[in-house]
Amino acid sequence: MVPVRVRRILRGPRPEKVPALVGTACTLIGLIDIAAGVFPRFRASRMHAVAEVLPGTLGPLSAALSLSAGVLLLLLAHGLKRHKRRAWRAAVVLLPLGGLAQFVWRHSVLGTLLSLALLALLLRHRNEFAALPDPRSRWRALANFVVMGAGSIALGLVIVSAHPRRVIGDPSLTDRLEHVLYGLFGVEGPVAYTKGVDWTVGYSLGALGMLTALTTIYLAFRPEHPAARLTADDETRLRTLLDQHGGRDSLGHFALRSDKGVVFSPSGKAAVCYRVVSGVMLASGDPIGDVEAWPGAIERFMDEAKAHSWTPAVMGCSETGGQVWTRETGLDALELGDEAVVDVADFSLSGRAMRNVRQMVKRIERNGYTTRVRRVRDLDEAELARVRRAAADWRGTDTERGFSMALGRIGAPGDGDAVIATAHKTDDTDTPYGDLKAIIHFVPWGPDGMSLELMRRDRTADPGMNELLIVAALQASPDLGIERVSLNFAMFRAALARGEKIGAGPVLRVWRGLLVFLSRWFQIESLYKFNAKFRPRWEPRFVVYRTSRDLPRIGLAAMQAEGFVNLSLPRPFTRRRTPRAPRPCPHVITAPTAEREIRAA
């Protein structure tokens, strides 16, 4: 009887592990090829003797071909790990050519067999490589040119410096850099070598330049596949669902952002809105619509993620939403923080706990500030345009921010139920915005609630504008039919609250200390303390993820979506248009720019 371990070896790897196995093999082979093409000692070592029989290396042809093959395999490996169909097609073409070259140029039967073995593995498990392309635009060609160009220059400096005994004279770093730049364009540079090394270095640099040019040209002229955007029909269907079920989740109205895609359940009674960032399919909040139809929308979401080999993740869902997500998908959930919700009926400025807020509001009112709280539909066009212009100019940063708790617009058609609170100072009107000094914008949360979306203030206004307007909005809520108000999201609030209490353990104190340290950049602690001023109730929010290994990637994607990490390249020849409709700062994951005034308050 054959042992179980032997039977597993004979059956080969599991189908779901084949892409990762092939991608890892391509990565290792690519690195060996690059080393073989760059370092002469490596080409003369025993490791190079092994590398020559690996699939795709083509060692005897030249250092340039070995270098080119290594770079191509490195580019190909990531796509194979992500089950990409186009990467599979490229590998299927590359491996037979590599095997043929091994046999023709080296008469290497072993190298040919290894190439064919890997090819057979790809063909046998071809159904595992069915992922569709990611959203893309031609701007990726510019990104590729910059990244490949920088990598080629860095690798070129290594190539030029890898032959110290063959260099004529003592060229400086500037001479070496000049030689690399010339070599990328196929032109001989100022550095000279002996014993034919000039040809090796020249071909290697030329190969790097050719790869940079070809990959950039391919990305520039391939058809665009833009990211999903909310269409007019999608928005109409989502608004219908929000009218019926919008009171369930305070983040529901933020699903109407135009830069989100959406998948609906088969019945059309539920939907999940998402955005794809760096290969992560990122949803925010709970699904929209009837809870009974949530599983259908979630299944469509997971099918879409699988079709493109995206990493599924949900940021900021409620406890109910987290339970449904984990039950229907097998994903895991982790508490991310708490949302501050103020019940209007329980809010009051009286009492010792509200003394600081009460004194701050009275002081600002004595300085001549007044407030107005209205529905957006009650503002005339001139005043709405002034509010938009002020919100754009007071943003404080050129980076557009917002995703989970940001709508990205003020006063758009269909958003008439949104609420705007404004602060004014009648004796100071010598500004482009008249007497306007601060703005707070709320979006609807069902028929009897509203959720904070935007806080902006004039930098010359007195500190405490945010507290003034939040208090004004809470006091005006009964007249507007508002019973509950969602404020900011406090990340890791529970750890901050428990860590400062007497009797907190050493681990909890260290964790709180780390959060306080990170608050220098992300204002985690200041947001929590700002929210706590209004005596809210805390509603936990969760992140849903597949495996713990995905958490760093999901965190980076979330920060990109919120605008706190910008990995895209600036577009050339663009002008900043003023006025323009603002895209507000988020109040989830990290603090928005407008809330940098919290400490001053």
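The model is predicted: local features require pLDDT of at least 70, side-chain atom pairs count only at pLDDT 80 or more, and totals for chains, interfaces and linings use all residues. Residues are numbered from 1 along each chain as its sequence is written, and side-chain values use heavy atoms, with hydrogens and water left out.

The search of the whole structure returns 5 cavities of 30 Å³ or more. A cavity here is a set of points, on a 1 Å grid over the protein atoms alone, where a 1.4 Å probe fits but cannot get out; lining residues have an atom within 4 Å of a point. Volume is the space filled by probe spheres set on the points, which are joined across faces, edges and corners.

Let me begin with the largest cavity, which holds about 80 Å³ of space. Its lining comprises 15 residues, and Cys-273, Ser-284, Gly-285, Asp-286 and Ile-288 lie nearest the centre. Strand 2 (270–277) and strand 3 (280–284) each contribute at least two lining residues; strands are DSSP runs of E, at least two residues, and helices runs of H or I, at least four, numbered from the N terminus. Strand 2 gives the largest share, 3 residues. By class, the lining has 11 nonpolar, 2 polar and 2 charged residues, where Ala, Val, Leu, Ile, Met, Phe, Trp, Tyr, Cys and Pro are nonpolar, Asp, Glu, Lys and Arg charged, and the others, Gly among them, polar.

I turn to the second largest cavity, of about 60 Å³. Residues lining this cavity include Leu-242, His-245, Arg-248, Asp-249 and Trp-294. Helix 11 (232–245) and strand 4 (288–289) each supply at least two of its lining residues. This lining divides into 4 nonpolar, 4 polar and 2 charged residues.

Definitions and conventions. 1 Å grid on protein atoms, 1.4 Å probe; cavity = no way out; pocket = protein on both sides within 12 Å on 5 of 7 lines; lining within 4 Å.
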